Amino acid sequence: MTFFNFFPFVAQHDAMDCGPACLAMISKFYGKSHSLQYLRDVSFLTREGVSLSGLNEAAENIGLESMGVKITLSKLLDENPFPCIVFWNNAHFVVLYGIRKKFFSNKRIFQIADPAKGYINISEKAFLQCWNNNADEGVAFLVYPTEKFYKMEPKEKEKYQIKYLLTYLNPYRKELLQLFFSLALGSAMTLVFPFLTASLIDKGVNQKSLDIVFIILLAQIFLFAGSVIIEIVRNWLVIYIGARINIAIISDFFKKIMKLPLHFFDTKFLGDFYQRIQDHSRIEHFLTSQSLTTFFSLINFLIFFIVLLRYDYKILIVYVTLTLLAVFWSRIFLKNRERLDYFRFKSNALNQQAVNEMIHGIQEIKLNNFENYKINEWEKVQIEVFDVNLKILKLDQLQLTGFDFINQLKNIIVTYLAAREVIIGNITLGSMLGISYIIGQMNSPVNQLIVFFRSLQDAQLSMLRLTEVQNHKEEEEKGQRRIKFKSGQKGKGGINIRNLNFQFEGPHSPLVLKNINFNIPAGKTTAIVGASGGGKTTLMKLLLLFYKPTNGTIKIDQHDLSQISPLSWRKNCGVVMQDGYIFADTIERNIATQDINIDKEKLANAIKIANIGDFIESLPLKEKTIIGATGNGISGGQRQRILLARAVYKEPQYVFFDEATSALDTENEKIIHDHLGDFFKNKTVLIIAHRLSTVKHADQIVVLKEGEIMEIGNHRSLLKQKGTYYNLVKNQLNLDKI
C-alpha cells in the first residue's frame, strides 16, 4: 500500500466546487496546476454539483484517463490506484491519497484530502461509514495521467493584479496626500522622543537642572498633543477613504454580476454571494489602513535602525538577528492560514445560506413542522463555523505566542547588553534609556509588518475570489446585433427553431430537448403543452438566452439568436416566469421596473389588462403601497397579476408566459384572457400552460413529451388525432361538449 508524505491541497471556493477541486489536487500531484475555474467549466457544474460523467469529461479534457467504478474496499486496496476520488457521504467528493498503518496496532489509517475540510486521517471503520455506508461497495473515480496530460499546457490559475486594486485609490489622491503628510509628520515627531529622553537624564537629571527638565517635559507634552491631533485627522481620513473604496468595490462587484449570463447563477448559492460581499472589506482594510501604515512604520524602522547603529552596532546585530527569526516564525504559518481561510469562507457562506433559508422559508417551515429539523441543521453549521474558528484561533495563538516569545527574549538580551555597556562606561544612562525607547519603537514596525503580511494574505485571497467573478465572460459581447421594434410593429419571420438539442451537463449526459424543429409564427400565439419535466420551461429559457443550445439554431426574424445582444433582445420581450420575483418596493415600481420616470398612461393600461385595479384601489396608498419581502403580503393570484402587468407595461414585441395564470380563479382568468386578446395583436406570443383551457384558442399548439415534439396543430386538429394532446385534455375538459 502506498504512503505519500506530501499531497497538494486545493480548497473548494464555493459550495458546489468539490469535484473540480479534487481534480485540481490530483492534477497538481502529477505536476500540472490547472485553474479551478477552468475545471468548473469543463466538468459542466450545476447547482447539484458535478456528476461522475462531468468529472470524466473534465479529466479527459486535461489528459487524465479516468473511470468511475463501484468497488469493494479489498479490491480497491489490491488495485492501489491512489490518489483517487471517492464519493463521500452520498453528497460530496474527496481524494483518497494514501493509506498507512499504525506503528503498534498495524491498523489502517486512510488519508483523505477533503476540499471542504482539509487533510483528514481516519480509521477504516470511519472510512467505510462515509464511503459506502458499510455496504459491500462504494463509488470511486480512478484517475491516471496519460501522455496528453504531460504534453498539455496547464490552464493557469486566475491571477489578481495589484494594479487593479490600486485603481480604487486614484480618485482619492488629495486625501491620500494628506494622509501621507500626517503619517510623515507623526513619524518625525516620534523620532524626537529618544533624544529628548536621553537629554532629560544626561542634561537635566544628572546636572540637576530643573529648568532643562521642565523644558524637555513641556516639549514632550506639545509633541504628544500634536501626535494626538494628527492621529485624529488620520483616522478620519482612513474612515472616509475606506468607506468610499468599500462602496466602489462592492458596486463594481454588483455591476459585474449583473452582466454575467444567467447560467452562472445556477451553480451559486446566496451564501456564496453574501460572503464575497463581506470579503471585500478585507481589500478595503488593506488598501487604506495596512499598506500606508506599514510603509511609514518601515521608514521609522530604518531611521531608528541608523540611530541604533550610532549607539552600538553589537546591540543592533543581536536585535536584527532575533527580529528576522521572529518574522520567519510568523511567515511559516501563512500557508495554513490560507487553507483555513477557504474553510472559513465556506462555513460562513453555509451559515448565511441557512439563515437566509430560515427567514425566507418561515411560512413553509411552520406549515410543515420543519422547525426542529432546520434548527438542527443550522446548529450543525454553527459547529462547523466554531470548528474552523477554533482552528484559526489555535494557529494564531501558536504564531503569536512564538513571535512574542522571541520578541521578549530579544528585548531582555538587548536590555542586558545596554545595561552592561553602561556599567563598563561605554555609554551613559540616558543613552541606555534612549536605546530602550528606540527598541520599543522598532518593535512596533516589526509587529506592524506581521499584521501587514496577514492583511496582505487576506486581501489576496479575497481578491482571488473577486477575480473569479471579474474574469468570468460577460453575457454581452462586441459585435452582437442589437434589435429594436417599434410599438405595435409585427415581426417579419417570427422565431424559427431547427435541429435543437440541449443538455445541462456533458456530451454523455441525457438530452433534455431532442431534435426540436418548429416555427413560432410572427404575430400569432403559440402554446406549448405537456407533462411536467418535458422540457417546456427549458425551451423558453433557451429562447430568452438563459442557456445556449448544445446543437441546433434559433433564429429571430432570420437572425441567429446567438448573435443578438441579450440586453436588446430582452428589451423586446415581455416575460412571466413560474418563479417570477416580486421586489420589496411599491406596486408601481414592481410594474414599471425599467422606467426611472413612470409613464402613468402605460401603468394604468397594464393594471387594467392584468385586472388588478380593484386590489390596488383597496389599498390606502394605492399603487404607492410597498409589497414584497418587507411589505404587505399578497396572494398568489395578486402576485401573478402584478407580474402580468409588468410584462404588459414593457409594450413588447415578443411575449413569453410560463404558467402566467395558473394561480388565478376562473373568473379572473377569463377577464384577463379577454384583455390579453387585444394586447396580443401583432405580437409574437409563446405560452406554456398545464391548464389547457388557457391554450385552446392558440393559433398553434406544440405538444412536448420527454423533450421531444409529439404533435403540432391547433386545438381541434389535435383532438381529432386522438394522440398525446387528446390524452392530456380528456381529464380536464368534457370532450363530448367541445
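The structure is a predicted model, in which local features need pLDDT of at least 70, side-chain atom pairs count only at pLDDT 80 or more, and totals for chains, interfaces and linings use all residues. Residues are numbered from 1 along each chain as its sequence is written, and side-chain values use heavy atoms, with hydrogens and water left out.

A look at the whole chain comes first. The chain has 24 helices and 16 strands, taken as DSSP runs numbered from the N terminus (helices: H or I, at least four residues; strands: E, at least two). Of its 738 residues, 50% are buried; here buried means under 20% relative accessible area, exposed means over 50%, and partly exposed lies in between (1.4 Å probe, protein chains only). Among contacts in the chain with a separation of 6 or more, 73% join residues 24 or more positions apart, contact being defined as heavy atoms within 4.5 Å.

Two helix pairs illustrate the packing. Helix 11 (residues 313–331) packs on helix 14 with axes 9 Å apart and an angle of about 175 degrees. Axes here are lines fitted to C-alpha atoms, for helices over the stretch in contact, and angles run from 0 to 180 degrees between N-to-C directions. Helix 11 is therefore roughly antiparallel to helix 14, given that angles under 35 degrees count as roughly parallel, over 145 as roughly antiparallel, 65 to 115 as roughly perpendicular and the rest as oblique. Residues making the contact include Val318, Leu322, Leu325 and Trp329 of helix 11 and Gly402, Phe403, Ile406 and Ile413 of helix 14. In the second pair, the axes of helix 21 (residues 636–649) and helix 22 (residues 666–679) come within 13 Å and cross at roughly 5 degrees, so these two helices are roughly parallel to each other. Helix 21 contributes Arg641, Leu644, Ala647 and Val648 to this contact, and helix 22 contributes Asn668, Ile672 and Phe679.

Val422 belongs to helix 14 (residues 371–423) and, at 23% relative accessibility, counts as partly exposed. Beyond residues up to four places away in sequence, Val422 touches Ile427, Thr428, Leu429 and Met432; the C-alpha atoms of Val422 and Met432 are separated by 7.0 Å. Leu179, in helix 8 (residues 173–205), is buried with a relative accessible area of 2%, and its C-alpha atom is separated by 9.1 Å from that of Asn235, 56 residues apart along the chain. Arg465 of helix 15 (residues 429–470) is also buried, at 1% relative accessible area. Neighbours within four places aside, Arg465 is in contact with Arg276, Asp279, Arg282, Asp341, Tyr342, Arg344 and Phe345. Arg465 and Asp14 are 451 residues apart in sequence, yet 9.5 Å apart in space, C-alpha to C-alpha.

Turning to charged pairs, the structure holds 15 salt bridges, each a side-chain nitrogen of Lys or Arg within 4 Å of a carboxyl oxygen of Asp or Glu. One of them joins Asp396 and Arg337, with the closest N and O atoms 3.8 Å apart. Asp396 lies in helix 14 and Arg337 in helix 12, so the pair ties together parts that are 59 residues apart in sequence. Both partners are buried, Arg337 with a relative accessible area of 13%. In another salt bridge, the closest N and O atoms of Glu588 and Lys624 are 2.7 Å apart. Glu588 is buried at 7% relative accessibility, whereas Lys624 is partly exposed at 44%. Asp678 and Lys681 form a further salt bridge, with the closest N and O atoms 3.6 Å apart; Asp678 is exposed at 53%, and Lys681 is exposed at 54%. Salt bridges that share partners also join Glu588, Lys600 and Lys624 into one network.
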